[in-house]
Every structure is written in structure tokens, then in C-alpha cells.
Amino acid sequence: MTYAVAFQDLSLGYDRLPAVQNLDSQITEGSLTAIVGPNGAGKSTLLKGVIGTLAPLGGRLSLGTLARDDIAYLPQQSDIDRSFPLSVVDLVALGLWREIGAFGSLSRASRQRVAEAISAVGLEGFETRPIGSLSGGQMQRALFARLLLQDARLVLLDEPFTAIDTKTMADLLAVVQRWHGEGRTVVAVLHDIDTVRAYFPETLLLARELVAHGPTAEVLTAENQFRARQMCEACAGPPHTCGRSAA
Amino acid sequence: MIWEALVQPFADFGFMRRALLGCIAISVGATPVGVFLMLRRMSLTGDAMAHAILPGAAVGYLIAGLSLGAMTIGGLIAGMAVALLSGFVARATALREDASLAAFYLISLAVGVLIVSTRGSNVDLMHVLFGTVLALNDAALILLCSIASLTVLTLAGLFRPLVLECADPMFLRSVSGLSAVTHFTFLTLVVLNLVGGFHALGTLMAVGIMILPAAAARFWVASIGRLIAVAMAVAIVSSVIGLLLSYHFSLPSGPAIILVAGFLYGLSLLLGPVGGLAARALPRPPLET
């Protein structure tokens, strides 16, 4: 089975302090994978490594047959400045970056695709609204519309269902499952274990180091989750002692 | 009467027309930069950079006297050095960019004041600090118009990545390698416009025409294109009224222009429909069902 992303003894971090250490694993192409772990486990850091905004401190991260343009990334909402005067349609249209780049203009056909993406996430009528006036759920729908336009083979979602209502979550989960059905690789950082068990066949449990990776039922055992918590509690100490000492 | 008050000073005197053209050029170039500084929450960075260019201008003055070219190049070198050094320190050490920028601009400012005050006269110091908008010559006007043109063209080219760098920098980094280029090109535009502005308004006032119109515009409109247009209009109106006040009441022109911009900012703060004090005090319409 081919891989979409492979980690070989990978360490990632900030200011030379590792947030992810010695990770060895592979995300299978076409899989639907949840990344779970306690706070500070390095989940978001791992996604930033995959999109290339963090260079490895050690080891390797391979993208197999994927190019940078094949990856779409949903940042955490807290990474977005919602006070910036940007309308929904302008935000969503940025999903066409691969086609229009930094300088191209939107054709009539492109505008139609933007409208269809907005409609697909249930945001018709919100096109000209500033993003600052949207609720958390509406904002997440707009960001999913942008992802739809990116039409990527690998979709990375950083906490996509945090602080949104149940109906929005169900709608967005349907989009995620459709991507999976289309053969795309989807990787999502999640906190809600029930959602992971219900919708994500694969799970990577992280506590700065790999705890387990495989079918969700085999990974999310009480023992593994306890071990992940212990490893992250050990991370409260000096970074170089984290994880390994508690494992 | 109105003609005499508003038009005749510009019709009769070449130095007033030159001052007006210089101020319009600064308004066109500097205010869009100010809008992005404000939206990136970097308004005080503009102020810091304005101080940082002082020693470069002073060294230029020491070498070549009141030479436009030498002071411009000196200011550019000093401004870019502070911008790049503070960026490098922020990336290479534990110090954040705001703290490293503050450290470098304060050192830079102290060096500049020391040079000007020990080697120049009070008149030179006043020229560098407060500009000479009523004494702009052809070369200065060409410089200001060139900087405005270059700024508008660069911003037009970099508009989309700059918007993303402000609103959603992680997304920009995920789709493009333009993030660092955008950041440093933008900082170059900030320095360039401050250096242009200091010939007319001085190092301390140049940042005023950048930030005050942008802050005023924020209370009137809510889209980026309109923000830039309104900010430019506020800057141009401030320039015209400031120059007229300066002419009729023998006031220093730079502070007069900035104070008019400040007055328009105060007015916008009170009456602006987008988050102004009056708009917030008024009862909201009932929610739609």
C-alpha cells in the first residue's frame, strides 16, 4: 500500500526544542486518519511539518508522490485574524490559489465555482458578509468551502470541529466522508474521542512521541490513552526528558 | 472670499503648489502602506521605523550637507538595517520581534540625535525632525512622486499575498513560498515611504500621514479597497487644510497637516458608522427572525 506521508525518526519543534520526537510512521494514501493526543502532544506541530512551514529538527518527512500543491490545510480558527476586512466570497476564492496564484484574476467560470463551493457548505446569502461577522460554525463552513476549491489529494484539518454547533459538525463531517469516498487522504487533529471512534477508521495517537498508529479501535485503548497522558505529563519537565522517560 | 481663503494661496505661490503636490504624492503612497500596517497591528512599528531612519539621514547630511540623495540613501540604509536586524534577532534568539525592534530603533534614534546635535546646527535638526514641506524643490518632488508610484505598483502586485499574510498567514505559507518575500517587501515600502515623507514632514511627522488617515478610515468603511480609498482622501484633505492653516496663521506646516489628520481621526472616532462611539451608543435594530 502506498503512503501519502512518511515520517522517519522525525523530530519537529520550535527554537530547537522538539515538540514531536523520533516519530516513525506512515499515513496511507486514501486513508481517513485522526491525530489525537493530550494538549501539547505535538499534533498541530506535525501538520505544520507536513505543509512545510516547520523544517525537521531531525529525521525525514517524505510526501511520496505528492507535491506541495496537492496539499490543502485548514488552520485553527485562532490562527486567522477575523477582524481583517475580508468578505466570505474573497476568503473562499483564495482556495483557487493553485490556478490564479498571487497575481491572476478570477474568470467567470472560477466565480461560478466559488459560488458553488459556498452553496455546498450552506452559506448562500453570506457571500458579501465580512468574515468578522460570522459565527464560529459559519466561519468553519467558509473555510471548508475554500478547501473544496483547493481540490487537493491530501487534506489536513487542524481541530476542524472545535467550538461549532452539532448541525454544522454533522454537515462538515459529511464533507470529510465525501472526500474519503473520493479517494483523498484526510488527516484531522481532533480532541473528541467519540467523534474519532465513529467516523475515523485510522488513528495516530501522539504524545510528542508515537504512542500507537493503526485501526482506531486498536489504538484508542484505555491503556494507550493512559500512557499518552503519562508521557505528556512528563513533558511538563525539561523537553529532552519528555516522553521517552515515561514510556 | 472663499476663493481668497482656499484657492489663492495655491494660485499665487509656487511653493504652496509644490507643497500640495508633495503632500498628495505622500498621501497616495504612504496611506495604503499605513492601512496595511494598521491591519497587521503594526502601527507602532511604523513609528519605530520613522525614528530608525534618523541616523542614516544624519550621516548623509554629515557627508554631503542638505543633499536629498545622500540623506535619502542614508535613511534607507538605516531603516532597512534596523528592520532586517530586528527580524534576524527575533528568528535567531528568544527575543520577540517587537522587543528587538524597540532595542534597535532606540539605539538608532540616540545615534541620530547625537550626530545631528553635535555636528549640525539647530536648523539642521529641525529640518530632519520636522521636514520642510514649503521648500520642496524639483528633485524632492520627483523623489516623492517616484516613491508613490513604486509603492502603488508594488502593492497592486503583492496585494493578494499581503492580504493573506495579514489575515491568514498559515494558509499563505501552506500554498506559497511568498510569505517572507511579502513581509520584507512590505517593510521596504514602509521604510521607503518614511524616508520620502521625512523630506516634507520630518522623521517624526511622516508616520502621522501614514497611520492617522488609516485609523480614521477604519470607522467609515469595512472593505480593504474602500479603506485605502477613504484613507487617501483623508490624507489629501488633511494636507490641503493643513497647508491653508499654515499659510493663513503662520503655523509650521508639518504639524498643521498632522493635527488636521488628527482632528479628522477624532471626528471619525465619534461619528464613524463602523464601530464609532455614536454608532455603538445608538440602540441596535431588533434581530431578524
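Contact here means heavy atoms within 4.5 Å. By that rule, helices H2(B) and H12(B) meet in this predicted model. Chain B also carries a nonpolar surface patch. In chain A, a salt bridge joins Asp70(A) and Arg153(A).

**Helix pair in chain B**
- Helix H2 (residues 14-39) and helix H12 (residues 224-249) of chain B have axes that come within 8 Å.
- These axes cross at roughly 145°, and the crossing of H2(B) and H12(B) is right-handed.
- From H2(B), the contact residues include Met16(B), Leu20(B), Ile24(B), Val28(B), Pro32(B) and Phe36(B).
- From H12(B), they include Ile224(B), Ile228(B), Met232(B), Ile236(B), Val240(B) and Tyr247(B).
- The contact of H2(B) with H12(B) counts 20 nonpolar residues, three polar and no charged.

**Surface patch in chain B**
- Trp220(B), Phe263(B), Leu267(B), Leu270(B), Leu271(B) and Leu277(B) make up the patch.
- Together they expose about 610 Å² of accessible area.
- Helix H13 (residues 253-271) of chain B gives the most, with four residues.
- Leu277(B) lies in helix H14 (residues 277-281) of chain B.

**Salt bridges**
- The whole structure has 12 salt bridges over all chains.
- One of them pairs Asp70(A) with Arg153(A), at 3.6 Å from N to O.
- Asp70(A) sits in the loop between strands S4 (58-62) and S5 (71-74) of chain A.
- Arg153(A) sits in the loop between helix H5 (136-150) and strand S6 (154-158) of chain A.
- The two residues are 83 residues apart, so the pair links distant parts of the chain.

Technical notes. Residues numbered from 1 in each chain as written. Chains lettered and ligands numbered in written order. Predicted model: local features only at pLDDT ≥ 70, side-chain atom pairs only at ≥ 80, totals over all residues. Heavy atoms only, no water. Patch = residues over 30% accessible without salt bridge, like charges linked within 9 Å, V, L, I, M, F, W, Y side chains within 5 Å. Areas by Shrake-Rupley, 256 points an atom, 1.4 Å probe, with all protein chains shown as cover. Salt bridge = Lys/Arg side-chain N within 4 Å of Asp/Glu carboxyl O. Axes fitted to C-alpha atoms, helices over the stretch in contact; angles between N-to-C directions. Left-handed = near helix turned anticlockwise from the far one by under 90°. Nonpolar A, V, L, I, M, F, W, Y, C, P; charged D, E, K, R; others polar.
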